[in-house]
Amino acid sequence: MFVGVIGVLLIGFPVAFSLAGTALIFGLVGWLLGVYDPSNYGSLIGRYIGLMTSETLVAVPLFVFMGVMLERSGIAERLLLTMGKLFGNLRGGLGISVIIVGAMLAASTGVVGATVVTMGLISLPAMLRAGYDPKLASGVICASGTLGQIIPPSTVLIFMGDMLSGINAQVQMEKGNFAPEPVSVGALFAGALVPGFLLVGLYLAWVIFKAVTDPKSAPATPVPAAEKKDLAREVMVALVPPLVLIIAVLGSILAGIATPTEAASVGSVGAMILAVANRKFGLAILRQAVISTATITSMVFIILFGAAVFSIVFRMMGGDNLVHEFLSNMPGGAVGATIIVMLIMFLLGFILDTFEIIFIVIPITAPVLLALGVDPIWLGVAVGVNLQTSFLTPPFGFALFYLRGVAPPRVTTGMIYRGVLPFVFLQMIGLALLFAFPGLITWLPRLIYN
């Protein structure tokens, strides 16, 4: 079935219909061979209704709307220009400013495409004019733009929390634990904060290393004295609004004041207020933001619906038993099985999107891993860090396509591909650290949620 899906994708069919269509074909063949009962499709009705009425998943379009509205309000542009002036006198200063702004945009928007395009339009020309190596500039922008995949409020973590909550409850009941600790989206958000900042630190370390060992690749861009006079005020004006929004959204979730859905609604209203304050709000902008939100949300959910068909056929024809036996017999127990699953997800990231991978792989492998004793919060966040690379790995990394669309002709596709490779390795180092020190993920959720 997996080979069939990959083959159909290579022909050029949309992912959602490739998943569902392949599953229907294999289901028909299985029915003709007497190994599959078509009545199993009846369970899709309850699954779809559950997804459409899930209060937790309502946060997804709200956070997407918040991100799109902030992108159109000029917040990102002002942040990039101001941070560029603040760090311009340092070698590698522009690269440092792009990473910091990428982290802030991730914590306030979480929309990867909008972040990469915005930074590509504003920062890439400035970095090239300053004499930056095009490969380093491309890598910094792509990697920083994908931080929205792991730094809350990440839509990936919202879906992960919804799936892992049900899977963990089922696994614990099979073990005889009828009152398991819930796996909440808030706990995943808390668990993702330290790994998110760990990746930011690794990115900054790489840029500083390049600036020291190869000064020509990341030169300083001194700011004229005339522009330094109002720099402090510019920094405050650029930083305070997004920081207030981040604190209002994430702070309310982590403090237990609001659910992710409630916080997302507050964030959406806050994004519109910031757009009004920047004089970038109007019916035309609101209409564009709503259409973009509907498009992105529809894309994600139709992939989820297609993956549900794939999952049912795969499981009902014995695929889950095959996976269970395969992972349970891995040398190294739970650690060995987890490494294998992570490796599979990493390889799938070369050809599939993040959402497609989690919708297919998590329902099949998570029950086995949780039964082996893997912490669900650790698993959800580690998977998020792993799949962040799916936006960066050639040939189908979406961040690469986003940047290619706005990069000047002198920045070739090959330069972009080579530029992101060091950051893919940095993310693998980050993932290795999470394996070696699981407390990097589990410490904060335990501290906050006791």
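Leaving aside neighbours within four places in sequence, Ser-123 is in contact (heavy atoms within 4.5 Å) with Leu-80, Val-98 and Ile-141. Ser-123 belongs to helix H7, residues 112–129, where helices (H or I, at least four residues) are DSSP runs numbered from the N terminus. Because its relative accessibility is 7%, Ser-123 counts as buried, a class defined as under 20% relative accessible area, with exposed over 50% and partly exposed in between (1.4 Å probe, protein chains only). The model is predicted, so local features need pLDDT of at least 70 and side-chain atom pairs count only at pLDDT 80 or more, whereas totals for chains, interfaces and linings use all residues. Residues are numbered from 1 along each chain as its sequence is written, and side-chain values use heavy atoms, with hydrogens and water left out.

Helix H10 comprises 29 residues (185–213), which should span 42 Å at 1.5 Å a residue; the end C-alpha atoms are 42 Å apart, in agreement. The expected span is 1.5 Å times one less than the number of residues. A kink of about 30 degrees lies at Leu-193 in H10, shortly before Pro-195; the bend is the angle between axes fitted to the seven residues ending at a residue and the seven starting there.

Most residues other than glycine have a negative phi, and most peptide bonds are trans. The peptide bond from Pro-152 to Pro-153 is cis, with omega near 5 degrees, and Pro-153 is found in the loop between helix H8 (134–145) and H9. Arg-279, in the loop between helix H13 (260–277) and H14, has a positive phi near 60 degrees. With a relative accessible area of 78%, Arg-279 is exposed.

Terms used
Helix = DSSP H or I, 4+ residues; strand = E, 2+ residues; numbered from the N terminus.
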